Amino acid sequence: MNTIKNFFTRHVILAPTSFLTWVILIGGTSMNFFLGSAIGIALYAGGNVAIKELQLRSTLKKFGMARSEYKHIEQQLNESKRKLKQLGNMYGQVRSIQAFRQVYDMSSMARRIIKIVQSNPRKFYQVESFFYAHLDSVVELTSKYSLLVNQPLKDQDIKVALQHTRETLSDLSLEMERDLRNAVSTDLEQLRMEIDYVDITLKRDKPLLESKGEHSNDR
């Protein structure tokens, strides 16, 4: 989901092409200025739609996904970015270093998970609980915690509620660690396979190299 890269690619291609076409139409064919400009704008807009469609098809093919499936994941990513921004705005409202550190750590993990799914949408299915439950709960609980901790009233009920919220957030932090571990699990497995393959190759080649060394010494 290289949205920014695809955006710049489209406009880098279309801007000079449309401008050159406009110059040729106005200067080379003496076309009416407004008509030439309209054609140039239409070329830009139409080309943008066409290239965007090609980029989407290429991405769908690369990841073996249906269009509806891809759009759903894209929507979930946009929603999670909005929630992450909301969480980031609460840093200064939690009023304790421990709570600040907890919110910061969860934000970092959430940001990392979102980036992993952005680079490979297939990984969405490995971390569905993050998108459908964990991030929502973190934002909601942190919001309630910030509201309560900033109240002038500090009776026993509020203290118990704050303590309970901190404990629940700690549990959610562990869940997000599991989500992050799940997100990288396939990469970890591939890395292990690569290392195993290299180890086997080195062991296979080692006797051959030693044998060649012995022959050289014999001479």
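Asn-32 caps the N-terminal end of α2, with a side-chain oxygen 2.9 Å from the backbone nitrogen of Phe-34. Such a polar contact is a pair of N or O atoms within 3.5 Å; within protein, one must be able to donate a hydrogen and the other to accept it, and residues adjacent in sequence count only if both atoms are side-chain atoms. The model is predicted: local features need pLDDT of at least 70, side-chain atom pairs count only at pLDDT 80 or more, and totals for chains, interfaces and linings use all residues. Residues are numbered from 1 along each chain as its sequence is written, and side-chain values use heavy atoms, with hydrogens and water left out.

Helices are DSSP runs (H or I, at least four residues), numbered from the N terminus. Helix α2 covers residues 33-63. Its 31 residues should span 45 Å at 1.5 Å a residue, and the end C-alpha atoms are 45 Å apart, which agrees. The expected span is 1.5 Å times one less than the number of residues. Gly-64 follows α2 and has a positive phi, near 65 degrees.

Several residues of α2 are buried (under 20% relative accessible area; exposed is over 50%, partly exposed in between; 1.4 Å probe, protein chains only). Among them are Gly-36, Gly-40, Gly-47, Asn-48, Ile-51, Leu-56 and Phe-63. The buried residues of α2 pack against α1 (3-28), α3 (67-88) and α4. An α-helix has 3.6 residues a turn, so residues three or four places apart point the same way.

The packing of α1 on α2 has an angle of about 155 degrees, with the axes 9 Å apart. Axes are lines fitted to C-alpha atoms, for helices over the stretch in contact, and angles run from 0 to 180 degrees between N-to-C directions. α1 and α2 are therefore roughly antiparallel. Angles over 145 degrees count as roughly antiparallel, under 35 as roughly parallel, 65 to 115 as roughly perpendicular and the rest as oblique. The crossing of α1 and α2 is right-handed. A crossing is right-handed if the near helix is turned clockwise from the far one by less than a right angle, and left-handed if anticlockwise.

Helix α4 has 23 residues, which should span 33 Å at 1.5 Å a residue; its end C-alpha atoms are 33 Å apart, in agreement. Its buried residues include Gln-102, Ser-107, Met-109 and Ile-116. The axes of α4 and α5 come within 12 Å and cross at roughly 155 degrees. The two helices are therefore roughly antiparallel. Their crossing is left-handed. Ala-99, Val-103, Met-106, Ala-110, Ile-113, Ile-114 and Val-117 of α4 meet Phe-130, Phe-131, Leu-135, Val-138, Thr-142 and Tyr-145 of α5.

Lys-123 lies in the loop between α4 (97-119) and α5 (128-149). Lys-123 is buried, with a relative accessible area of 5%. Leaving aside neighbours within four places in sequence, Lys-123 is in contact (heavy atoms within 4.5 Å) with Ile-116, Val-117, Ala-183, Val-184, Thr-186 and Asp-187.

α3 and α5 pack at about 20 degrees, with axes 10 Å apart. They are therefore roughly parallel to each other. On the α3 side, the contact includes His-72, Gln-76, Leu-77 and Ser-80; on the α5 side, it includes Tyr-132, Asp-136 and Val-139. The crossing of α3 and α5 is left-handed. Glu-140 is in α5. Glu-140 is partly exposed, with a relative accessible area of 44%. Glu-140 and Gln-86 are 54 residues apart in sequence and 9.9 Å apart in space, C-alpha to C-alpha.
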